[in-house]
Amino acid sequence: MKTIAVFSVKGGVGKTACAVNLAYAAATQSARRTLLWDLDGQGAATFTLRLAAKPGTSARKLFAADAELDALIQPSAYPNLDVLPADKSLRHLDRLIAEDGARSLKKMLKSFDRDYDRVILDCPPGLTELAEQAFRAADLLVVPLLPSPLSERAYDQLVAHLGKHHRKGPALVPVWTMVDRRRALHKATVDAFPDRVAIPYAVEIEAMAVHQAPVAATAPNGLAARSFNKLWGEVEAALR
């Protein structure tokens, strides 16, 4: 089993779109037994796949020492793709992680080893306690970036942070998101890093919340779907 964390220091960069579409590609394109773990209290990934936390459950309590993870996992509408849903309780997860007795994310992920080939973590934005846990637990970090110098600066700061505090941490795969090549700044920034996958600013991606489906399920031949499939190919290559 390999764990891929989708992480960004800032919100609003298409992080959840990346997580959902990578999970879909893992399950369909690569036929991997895939779990998408929604760790963001907003629950956008859960909603996008037409799921919701079970009534009376709390995703935050999963980090308690005696919680059963399997009981909360739900199948999606797609073969090979399961989801561990989020709920609002995750907004206070950092405080629990800092307390004694909370299980580490890395230890929790070990319990999925027999059932899944790939686990995709949709992490909340920010350098939080949960982010530090994800850095220790993940094999690879996918980092969505808006095409701007400030985003590149934030990425450099993340690289420096990992180099200082997580020297044996995950490999990094940066990806441009919301790219509009009609804008001079976008085009110049993306062209400066031609080896990075560029996810376009596309109606199909915006419509994910309307259709509650990955873009490859609704518009499989579109540029957005092809871009996410290309990104998944790079992720798989980096995990070998």
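The side chains of Thr-46 and Asp-38 are joined by a polar contact of 2.7 Å; a polar contact is a pair of N or O atoms within 3.5 Å, where within protein one must be able to donate a hydrogen and the other to accept it, and residues adjacent in sequence count only if both atoms are side-chain atoms. The model is predicted: local features need pLDDT of at least 70, side-chain atom pairs count only at pLDDT 80 or more, and totals for chains, interfaces and linings use all residues. Residues are numbered from 1 along each chain as its sequence is written, and side-chain values use heavy atoms, with hydrogens and water left out.

Thr-46 belongs to helix α2 (residues 44-48); helices (H or I, at least four residues) and strands (E, at least two) are DSSP runs numbered from the N terminus. Thr-46 has a relative accessible area of 2% and is therefore buried, a term that means under 20%, with exposed over 50% and partly exposed in between (1.4 Å probe, protein chains only). Neighbours within four places in sequence aside, Thr-46 is in contact (heavy atoms within 4.5 Å) with Asp-38, Leu-51, Ala-52, Pro-85 and Ala-86.

**The sheet**

Eight strands form an open sheet with mixed pairing, in the order β3-β4-β2-β5-β1-β6-β7-β8. The edges are β3 (74-75) and β8 (198-200), each with a single partner strand, so one side of each has no neighbour in the sheet. Two strands pair if DSSP finds at least two bridges between them.

| Strands | Bridges | Sense | Example of partners |
|---|---|---|---|
| β1 (residues 2-6) and β5 | five | parallel | Ala-5 and Leu-121 |
| β2 (residues 34-38) and β5 | five | parallel | Leu-35 and Val-119 |

In strand β5 (residues 118-122), five of the five residues are buried, so the strand is largely enclosed by the rest of the structure. Both of its faces are covered, with Arg-118, Ile-120 and Asp-122 on one side and Val-119 and Leu-121 on the other.

**Helices**

Helix α1 (residues 15-28) lies across β1, β2, β4 (81-84), β5, β6 and β7, and runs at about 165 degrees to β2. Helix α7 (residues 184-191) packs on the sheet, touches β7 and β8, and makes about 155 degrees with the direction of β7. Such angles run from 0 to 180 degrees between N-to-C directions, the axes being lines fitted to C-alpha atoms, for helices over the stretch in contact.

Helix α6 (residues 149-165) has 17 residues and reaches 24 Å from its first C-alpha to its last, close to the 24 Å expected at 1.5 Å a residue; the expected span is 1.5 Å times one less than the number of residues. Its buried residues are Ser-151, Glu-152, Ala-154, Tyr-155, Leu-158, His-161 and Leu-162, and their cover includes α5 (129-137), β6 and β7.

**Positive phi**

Most residues other than glycine have a negative phi. Arg-50, in the loop between α2 and β3, has a positive phi of about 60 degrees and is exposed, with a relative accessible area of 55%. Asn-80 lies in the loop between β3 and β4. Its phi is near 70 degrees, and Asn-80 is partly exposed at a relative accessible area of 37%.
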